[in-house]
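Please open the model in a viewer and keep the selection tool at hand.

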Amino acid sequence: MITTYTAIPGIDVITSAFPIPGFGFVPINAYVMHGPEPVLVDTGSVIESEEFLAVLRTVIDPADLRWIWLTHSDFDHIGSLHALLAENPRLRVITTFLGVGVMSLASPIPLDRVHLLNPGERFTAGHRSLTALRPPAFDNPVTTGFHDSESGALFSADCFGALLQAVPERATDLSDDELRQGQVLWATIDSPWLHKVDPAMLAGELDAIRRLDPTMILSSHLPAAPATMLEQLLDSLQSVPAAVPFVGPDQSALEHLLASMTPGVMS
Ligand SMILES: [Fe+2]
Ligand SMILES: [Fe+2]
């Protein structure tokens, strides 16, 4: 089920708790940034596209949207992208050259509907100045997060996500242990390359986030987190290179699962 809440005045969250059998739930967030040039940050998952569009309409008329900020081209971010482009002819997609390229392999974004923006560059949407950045952890080289000058919020894409047993509306409702374990598990799944990273180099990347001094951390896969949680979020991520690497269930586990779902089907 997709629900909405307000992260901070002017920024609404559209969120779904996606089940991962045996592991819990991963929140999938899109964000509506209201203002003279409203921005939709990502467009939900492909499998929930119809419901996403219905819920989006309770937050904003899609005809009023001006920009889609596509953090990256994964299936949990592009769900309603083309439906929205078709519905609103003046809507354009902020992404990278690589984002356009990856999308062209399955469902191309018309080039005249694209605004290319690289990490480090700035984009003005009404009175918001959005500074693009590559977050410390990501699962797709298209990934571009940003810092919003108006709210001070950091939109971190998949970075700072967590796999949770239940998804509360606020990250502050999570216990320290659940947040840390959920964050570490998510990062080992989503960014397994972190195990190959020099911890000192990662510390430098995390320090760059600290220096941004965000008022909120708005991850695609964590409930909205206030600035008071930043050190905790950074600390969990710093521990990932030394964490136990994730290994998914094997074929025998799958056969057990199938046997328990449909007795007699599997030997
Ligand atoms: Fe992703
Ligand atoms: Fe994602």
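Select Thr-95 and then Leu-116 in β7, which stands opposite Thr-95. The model is a predicted one, in which local features need pLDDT of at least 70, side-chain atom pairs count only at pLDDT 80 or more, and totals for chains, interfaces and linings use all residues. Residues are numbered from 1 along each chain as its sequence is written, while chains are lettered from A and ligands numbered from 1 in the order in which they are written.

Next, display strand β6 (residues 92–95) with β7: the two pair in the parallel sense over three bridges. Strands (E, at least two residues) and helices (H or I, at least four) are DSSP runs numbered from the N terminus, and two strands pair if DSSP finds at least two bridges between them.

Now extend the selection to the open sheet of seven strands, with mixed pairing and the order β1-β2-β3-β4-β5-β6-β7. At its edges stand β1 (2–8) and β7 (114–116), each with a single partner strand, so one side of each has no neighbour in the sheet.

Contact here requires C-beta atoms, placed from the backbone, within 7 Å.

Finally, select Trp-69. Which residues does Trp-69 contact, leaving aside its neighbours within four places in sequence? They are Val-39, Val-41, Ile-94 and Phe-146.

Definitions and conventions:
Contact = placed C-beta atoms within 7 Å.
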